[in-house]
Amino acid sequence: MEALPVVETKSLSRYFKGVVALNDVSVSISAGEVVGLVGDNGAGKSTLVKILSGDLEPSAGQVLIDGEEVHFRHPRDAKKRQIETIYQDLALCENLDIMENVFLGHESYRNPLLRLLDRRRMYRETSQLLEELAIRVPSTRELVMNLSGGQRQATALARVAKAGARLIILDEPTAALGVNETRNLLDLVMRFKAQGRTIIIISHEMRDVFEVTDRIIVLKRGELVADKLTFETDPDEIVRYIIRGRD
Amino acid sequence: MTAQSPADASGLAVRLPAPLVTLLRRRDSNVFFLLFVLVAAIVFFTIQSPYFFDDRNAFNIGRAVSITGIAAAFATLLMISGGLDLSIGAIMNASGLAAAVIMVDPENSIIVAFAVALGISTFIGFSNGIIVTKIGVNPIIATIGMQFVVRGMTLATRSGSALVRDRTFLEIGQGELVIGTLEIPVPVILMLTTMLLCYLVLRFTQFGKYIYAIGDNASACRRAGINVAGMRIALYTLSGLGAGFAGIVLAGLTGAGIPYAAGSELSVISAVILGGVSLSGGVGVIQGTLLGVLLVGVLKNGMTLLNINANWQMVVEGSVLMIAVSLDQLKQRI
């Protein structure tokens, strides 16, 4: 598969007050790929993800989107390129309902000049969207504070789908979920893939990673130590890379 | 999800009836509670004093709370977003004095007085916003600092009051709008209009939605592409503008700009909190603020009619605030 990469990094590095969080990392991810990003704590996964989502600027190196170099200074910049990140905290507003969270930052207006919200339309579209994604919630009017972990995760995913994300980055999506909820989430990832979206999953759960990914990238102490097609490797080998690094 | 009654999930030993639990769990439950307390207070004072239940007295209460109410409406928006403005009182004095000083010269137009007073207030509010968001100073510290700066500069400009004789200007504070047999004080109309405007903003606009969203999770909003810093600066600016407007109405009411008037920021903030806004942000409605402001006004007026001295009135006012906030804490456990 030699399609133009959706996202590419070239010798990406990031330093924090003398600490090297990311060192000379070059990766290339194609459209429709599901990539697992693994590594021990402090391996640089979050740093890489934050750079891709505009939350951090790199100290050196380049990020290319569709072959074009970009300089993200704010999460807004990444969103403009249809990159959406779901952090572990899910970044939901507990005091708002499901619809309000799904449309946060992408509201529809009844009057664009006064920014009067078209709530009826947004509720209708949220219901449609949740149906398409086979996400079940009690009501689109339910406040997020009353939702379970899986329902929150699904709300966060519905939000990025709504935003029209092409690249979705998931940070430890299954860490707080039960067995059934994890199942539903992985199914949702596969539905996103079927829609042609590209997905990066950070996870410690080898089983989840091996179930949904096409490729696995291993970081250790800020460096890329392995970049393997999932069907050509196995959990033992990946764990070895995570612990020992490059042979 | 199992079809559990909400009371089953409660950690309280006492089991509350289901409809009550549903009511308490509503976002705006304290509005019902305040309404109940307000009606109870009105009934109590009506029984105790023959002068209380009367449209003239009602408008006295309205006029007395209108200044706090105008400032509180804007402070509500700011506080729902998690902000706090302790320079409100100082801004009111500065704005009232500025307007009055300009009006001392009969040559000057009322429009100029308004523009200068509101311009100064807006600029102070904007400065608060910049210091809090761009430099990152804690809002309490930043706005206390601003309070001293503004108060000092106001007194340096003029140490005594500036009397206003302009009829039109005085109408803003002392005028009445006659509808049928009712003579509604202009400040009351201004307060209700301000509150209505803030209600519509909170309820129907994107700006209002973002106020709640930022109050709950500002970093989520930033990541959702919302200009959080811009929102905050706008809210501090509006708080300044609201305080400035309240200051002008106050000058109209008293007929003077008074540079040394006692700061009323704590009355404003306590009314907002009594109305159900949390200092940590994310919750509250403008109806709550209106009821909070009215409840304080009714209590003060009623107690005055019952000849309760001002010191004890303060004790009651403080206690009501503490009871309201305590009940709200207990509610979280349901």
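**Briefing: chains A and B**

A:Ser11 sits in strand 1 (residues 5–16) of chain A. This residue has a positive phi of about 45 degrees, although it is not a glycine. The model is predicted.

**Positive phi in chain A**

- A:Ser11 has 12 C-beta neighbours inside 10 Å, and 12 or fewer means exposed.
- A:Arg115 is another non-glycine with a positive phi, here of about 55 degrees.
- The loop between strand 7 (109–111) and strand 8 (116–117) of chain A holds A:Arg115.
- A:Arg115 has 17 other C-beta atoms within 10 Å, so it is partly exposed.

**Helix 1 of chain A**

- Helix 1 covers residues 45–52 of chain A and is mostly covered.
- Seven of its eight residues are buried.
- The buried set is A:Lys45, A:Ser46, A:Thr47, A:Leu48, A:Lys50, A:Ile51 and A:Leu52.

**Overall build of chain A**

- Chain A has eight helices and 12 strands.
- Its radius of gyration is 18 Å, close to the 18 Å that the globule rule gives for 247 residues, so chain A is as compact as a globular protein of that length.
- The C-alpha trace of chain A spans about 55 × 40 × 35 Å along its principal axes.
- Of the 247 residues of chain A, 47% count as buried.
- Take the contacts in chain A between residues at least 6 apart in sequence: 67% of them join residues at least 24 apart.

**Where chain A touches chain B**

- The contact pairs 18 residues of chain A with 18 residues of chain B.
- On the chain A side, helix 2 (75–80) and strand 8 each supply at least two residues.
- Helix 2 of chain A gives the largest share of that side, three residues.
- By type, the chain A side divides into 10 nonpolar, two polar and six charged residues.

**Helices 3 and 8 of chain B**

- Helix 3 (residues 55–80) and helix 8 (residues 186–204) of chain B have axes that come within 8 Å and cross at roughly 30 degrees.
- Angles under 35 degrees count as roughly parallel, so helix 3 and helix 8 of chain B are roughly parallel to each other.
- Helix 3 of chain B passes helix 8 of chain B in a left-handed crossing.
- Helix 3 of chain B contributes B:Phe59, B:Gly62, B:Arg63, B:Ser66, B:Ile67, B:Gly69, B:Ile70, B:Ala73, B:Phe74, B:Thr76 and B:Leu77 to the contact.
- Helix 8 of chain B contributes B:Pro187, B:Val188, B:Leu190, B:Met191, B:Thr194, B:Met195, B:Cys198 and B:Leu202.
- The residues of this contact divide into 13 nonpolar, five polar and one charged.

**B:Arg63 in detail**

- B:Arg63 lies in helix 3 of chain B and is one of the residues that make the contact with helix 8.
- B:Arg63 counts as buried because it has 21 C-beta neighbours inside 10 Å, where 20 or more is the cut-off.
- Leaving aside neighbours within four places in sequence, B:Arg63 is in contact with B:Pro185, B:Pro187 and B:Val188.
- B:Pro187 and B:Val188 also belong to the helix 8 side of the helix contact.
- B:Ile184 is 121 residues from B:Arg63 along the chain, with 9.2 Å between their C-alpha atoms.

Methods
Residues numbered from 1 in each chain as written. Chains lettered and ligands numbered in written order. Predicted model: local features only at pLDDT ≥ 70, side-chain atom pairs only at ≥ 80, totals over all residues. Axes fitted to C-alpha atoms, helices over the stretch in contact; angles between N-to-C directions. Helix = DSSP H or I, 4+ residues; strand = E, 2+ residues; numbered from the N terminus. Parallel < 35°, antiparallel > 145°, perpendicular 65-115°, else oblique. Left-handed = near helix turned anticlockwise from the far one by under 90°. Contact = placed C-beta atoms within 7 Å. Nonpolar A, V, L, I, M, F, W, Y, C, P; charged D, E, K, R; others polar. Rg over C-alpha atoms; globule rule 2.2 N^0.38 Å.
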